[in-house]
Every structure is written in C-alpha cells, then in structure tokens.
Amino acid sequence: MSYEMKRIMVPVAVGTLKGYELARKATDAAFAISKKSDDARVILLFKSTKIDDIDPNEATGKLFNNARDTLKKHMADAVERLEELEKYGDSLGVEYDIEVVADDESTADTICAAALRLDVDAIVMCSHGRTGFKRFMIGSVAEEVVRKAEVPVMVLKGKQIEDA
C-alpha cells in the first residue's frame, strides 16, 4: 500500500533566525519528498502577526511605539527569509505556494485549520527540541499538531538553537 502525496504543507516560523533554521530543515525535507513524489506541490504556511491589532489603550507612549517597531522589524525579517525560501525552491525546480494567515487562533489550531482548508496530504514540521521546564511552560506546537491534525504529520527533530 502506498500513500500518494500531492500537497505537502510546511509551517514556517521565519521571524527569528532560530525559526528560519527550523523552517529551512522542514522545507528541505518537504522539497525532497516533493521531488520523489512526482513533484508534489509544497505549501509554505506563514502565520503573520497582525501589527494593526496592537491596542494603543493597552500600551501607550514609548512602549506602544517600541512594540509596533519591533513587530515591523520582525515582519520585515520574515519577508526576507520567505524570499530566501522562494529562491531555494526555484533553484530546485519545486512547485510551491506561500500561504500567509493572520488570525487569533493558537499556532497549532491555525496549522490544522489550514491543512483542512488547503486540502493537504501531509504536514512536515520541526520541533524546537525543548525539554524540561521550558517545554512545560512554552508547550509544543508540534505535539499539539500531531494530536489535532487530520492528516499525517512528519516531525523532524530540530537541534536546540539558542534564541537569536
């Protein structure tokens, strides 16, 4: 019995260097699967931060301006890294799309909902590899996606990378 994959989704958190490195690892795997699966289409899913959702009533003055400026820089970095992933996909001749989602859902819920909406056959993602107290406090998006997703999920073990 074989499982045919025509659409593979890769959630990419590219706003930080650590997130980009993990996204690149998952993208490498998805692009390789695509090449071996009669050129399945890869969908890079990016969950955007809604800059305009910062409530000025909750953060005023310098705090508001600093938060807004930080988010703008974060988004500019994310766009630059998404462009790097585009160039990489182009160089390999892989068919891919970039899907940007801005919502108020948890990251795992966004990923699972997008998988259904985009009718993907599989999700490929990395885990940060956190353990102990950090994992307890922050949780594991990958673990939650594995539990909630209605399609197969391939989780790659990401090496522990210090926050950039």
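I began with a definition: buried means under 20% relative accessible area, exposed means over 50%, and partly exposed lies in between (1.4 Å probe, protein chains only). I noted that this is a predicted model, where local features need pLDDT of at least 70, side-chain atom pairs count only at pLDDT 80 or more, and totals for chains, interfaces and linings use all residues. Residues are numbered from 1 along each chain as its sequence is written, and side-chain values use heavy atoms, with hydrogens and water left out.

**Cysteines.** I looked up Cys 126 and found it buried, at 12% relative accessibility. Cys 112 is also buried, with a relative accessible area of 10%. I then searched for disulfides (a pair of cysteine sulfur atoms within 2.5 Å). The structure holds 0.

**Helix 1.** Helices (H or I, at least four residues) and strands (E, at least two) are DSSP runs, numbered from the N terminus. Helix 1 has 20 residues, 17–36, and its end C-alpha atoms are 29 Å apart, which agrees. I listed its buried residues, among them Leu 22, Ala 26, Ala 30 and Ile 33.

**Thr 27.** Thr 27 lies in helix 1. I found it buried, with a relative accessible area of 0%. I checked its contacts (heavy atoms within 4.5 Å). Leaving aside neighbours within four places in sequence, Thr 27 touches Val 10, Val 12, Leu 44 and Leu 85.

**Positive phi.** Asp 38 follows helix 1 and has a positive phi, near 50°. Asp 119 has a positive phi of about 55°, although it is not a glycine. I placed Asp 119 in the loop between helix 3 (107–117) and strand 4 (122–127). Asp 119 counts as exposed, at 56% relative accessibility.

Note on methods:
Expected span 1.5 Å × (residues − 1).
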